[in-house]
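Please keep the coordinates open while reading.

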Amino acid sequence: MVIVLFGPPGAGKGTQTAKLVEELKIPGFSTGDMFRAAIAAGTPVGKQVKAVIDAGDLVSDDLVNKLVFERLDQPDCANGVILDGYPRTVAQAKALDEWLKNHHLKLDKVIELAVDDEQLIERRAGRLYAPNSKKVYHKTFNPPKKAGFCDESGEPLIQREDDNPEVVRHRLDVYNNQTAPVIGYYESQNRLAHIDGMEGIDTVFGSILQVLGR
Ligand code: AP5
Ligand code: MG
């Protein structure tokens with residue numbers, strides 16, 4: 001089962017991916033998390049993308065595709081995978097289709113989480129992030145058990161550099177201009193399921209499971 005979780009920055013893709021990984025027992029990965037890990041480790045890829053990510057722009061299609069296809073080739077993806085934040089351009093969507101076709105696989109569902117701009121800004125303003133475990137919290141909507149620390153790893157929680165209000169606004173523009181056209185691409189092929197992402201975390205999760213027929 002190959003599933004894409006799609007939606008604007010702060011819609012809840014990472015939050016729902018973590019819940020789906022547990023439910024479906026298949027891996028899930030966020031391209032944003034992979035880049036942040038590369039930046040933290042100081043790898044050549046990390047050095048290449050740091051300025052782009054900090055500014056809230058998109059990393060080049062070639063670089064993202066290479067990273068994703070290398071990850072998809074890993075044996076743990078053999079029974080399926082959840083993609084969080086990829087594809088994010090029509091060129092990436094087409095490249096993914098081609099890769100899947102060459103591997104005799106298909107994309108089962110593209111799930112779009114729809115959330116309005118005001119709520120997106122509130123979600124990102126309160127987001128807390130654990131860089132090692134990659135767990136995502138919210139000061140009000142999904143607080144950790146011990147304020148400021150990850151439930152799973154115990155590490156201190158931080159705010160993401162690209163969650164400052166100016167970058168957040170730019171990321172939204174980038175989403176509307178470069179990423180939203182992907183919706184039309186999948187819609188025209190009847191592969192898109194649109195979900196109201198404004199509800200609470202568990203309600204949204206229930207809607208996703210329904211779309212997946214579970
Ligand atoms: P990435 O890390 O993927 O950022 P994003 O897509 O902008 O999305 P976010 O991670 O900000 O939000 P999310 O939807 O995961 O929401 P979350 O679950 O955290 O990408 C970062 C950067 O990497 C990009 O800007 C780009 O530069 C680069 N990049 C990545 N992929 C790329 C690609 N394919 N091509 C090119 N460049 C790429 O939730 C947000 C907050 O809300 C949390 O605090 C959470 O607790 C809370 N919350 C979640 N759900 C709910 C709910 N239902 N109710 C209330 N609160 C909720
Ligand atoms: Mg995320």
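Under the criterion that a disulfide is a pair of cysteine sulfur atoms within 2.5 Å, the count of disulfides is zero. Cys77 is buried because its relative accessibility is 8%, and Cys150 is buried because its relative accessible area is 4%.

This is a predicted model, in which local features need pLDDT of at least 70 and side-chain atom pairs count only at pLDDT 80 or more, while totals for chains, interfaces and linings use all residues. Residues are numbered from 1 along each chain as its sequence is written, chains are lettered from A and ligands numbered from 1 in the order in which they are written, and side-chain values use heavy atoms, with hydrogens and water left out.

The protein has nine helices and seven strands; helices (H or I, at least four residues) and strands (E, at least two) are DSSP runs, numbered from the N terminus. Its radius of gyration, taken over C-alpha atoms, is 16 Å, close to the 17 Å that the globule rule (2.2 Å times the number of residues to the power 0.38) gives for 214 residues, so the protein is as compact as a globular protein of that length. Along the principal axes, the C-alpha atoms fill a box of roughly 45 × 40 × 35 Å. Of the 214 residues, 47% are buried. With contact meaning heavy atoms within 4.5 Å, 70% of the contacts between residues at least 6 apart in sequence join residues at least 24 apart.

The sheet comes next. Five strands form an open sheet in the order E2-E3-E1-E4-E7, with parallel pairing; two strands pair if DSSP finds at least two bridges between them. Strand E2 (28-30) and strand E7 (192-196) stand at the edges, and because each has a single partner strand, one side of each is left without a neighbour in the sheet. From one strand to the next, the twist averages 20°. Axes here are lines fitted to C-alpha atoms, for helices over the stretch in contact, and angles run from 0 to 180 degrees between N-to-C directions. Helix H1 (residues 13-24) lies across E1, E2, E3 and E4 and runs at about 175° to E3.

Within this sheet, E1 pairs with E3 in the parallel sense over four bridges, and four bridges also join E1 to strand E4 (residues 109-114), again in parallel. Leu5 illustrates both pairings: Leu5 stands opposite Asp84 in E3, and the bridge partner of Leu5 in E4 is Ile111. Val4, for its part, has Val110 as its bridge partner in E4. E1 is mostly covered, with five of its five residues buried. Val2, Val4 and Phe6 point one way from the strand, whereas Ile3 and Leu5 point the other way.

How many residues does the largest nonpolar core have? A nonpolar core is a set of buried Ala, Val, Leu, Ile, Met, Phe, Trp, Tyr and Cys residues joined through side-chain atoms within 4.5 Å. The largest has 31 residues, and those with the most contacts inside it are Phe69, Leu72, Leu83, Leu96, Leu107 and Tyr186. Two or more residues each come from strand E1 (2-6), helix H3 (44-55), helix H4 (61-72), strand E3 (81-84), helix H5 (90-102) and helix H8 (181-187). H4 gives the largest share, six residues. Leaving aside its neighbours within four places in sequence, Leu83 is in contact with Val2, Ile3, Val4, Leu5, Phe29, Leu72 and Leu96. A second, separate core has 18 residues, including Leu20, Ile26, Val204 and Phe205.

Several backbone features lie in loops. Tyr86 and Pro87 are joined by a cis peptide bond with an omega of about -5°, and Pro87 is located in the loop between E3 and H5. In the loop between H5 and E4, His104 has a positive phi of about 55° although it is not a glycine; His104 counts as exposed because its relative accessibility is 75%. Asn190, in the loop between H8 and E7, is likewise not a glycine and has a positive phi of about 55°. Asn190 is exposed, at 74% relative accessibility.

Terms used: Buried means under 20% relative accessible area, exposed over 50%, partly exposed in between (1.4 Å probe, protein chains only).
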